[in-house]
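Have a look at the model below before reading on.

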Amino acid sequence: MTMKSAWLLDVKRAYIYTEGNLVSRIGCCLRMPGLQAVLVYRFGRWLKGRHIALRLLGEPFYFILNGLVKIVWGIELPRGATIGPGLYIGHFGGITISPDAVLGRNCNVS
């Protein structure tokens, strides 16, 4: 499964848990700390398997984004973990996933 298709399933899961009209639901999804953390995680996993030149350009960007997610939201999703598509993180703060963890498809973390 590609990074894009996995992240689209993550967005779909977050969208299901929101209420309101289309615009407010999309806005809610964009502000969800869990969804932001999953996007950074998926980017890190994708980057890990790329050519060295692309990794040299992308690693500093990933490092900064991952650090911000940890500091601002208190969510630690190391890219060593294996996480299936459709991950939903219900709240922020105090969420730490082990680098050795294996989470399946459509998993809820809260």
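Find helix H3, which covers residues 33-48: both Phe-43 and Trp-46 lie in it, three residues apart, or about one turn of the helix. Helices here are DSSP runs of H or I with at least four residues, strands are runs of E with at least two, and both are numbered from the N terminus. Before we go further, please keep in mind that this is a predicted model, in which local features need pLDDT of at least 70 and side-chain atom pairs count only at pLDDT 80 or more, while totals for chains, interfaces and linings use all residues. Residues are numbered from 1 along each chain as its sequence is written, and side-chain values use heavy atoms, leaving out hydrogens and water.

How much of each residue can be reached from outside? Phe-43 has 17% relative accessibility and counts as buried, whereas Trp-46, at 29%, is partly exposed. Buried means under 20% relative accessible area, exposed means over 50%, and partly exposed is in between, using a 1.4 Å probe and protein chains only.

Now look at the rings. The rings of Phe-43 and Phe-61 have centres 5.9 Å apart and planes at 80°, so this pair is edge-to-face. Rings of Phe, Tyr and Trp (its six-membered ring) pair if their centres lie within 6.5 Å; planes under 30 degrees apart count as stacked, over 60 as edge-to-face and the rest as tilted. This pair links distant parts of the chain, because Phe-43 sits in helix H3 and Phe-61 in helix H4 (residues 52-73), 18 residues apart. Ring pairs also join Phe-43, Trp-46, Phe-61 and Tyr-62 into a cluster. In total, the structure holds five aromatic pairs. One of them is Phe-43 with Trp-46, which is stacked, with 6.2 Å from centre to centre and 25° between the planes.

Time to step back to the whole protein. Its secondary structure comes to four helices and six strands, and along the sequence they follow the pattern α-α-α-α-β-β-β-β-β-β. The radius of gyration is 14 Å, close to the 13 Å that the globule rule gives for 110 residues, so the protein is as compact as a globular protein of that length. This radius is taken over C-alpha atoms, and the rule is 2.2 Å times the number of residues to the power 0.38. Along its principal axes, the C-alpha trace spans about 45 × 25 × 25 Å. Of the 110 residues, 38% count as buried.
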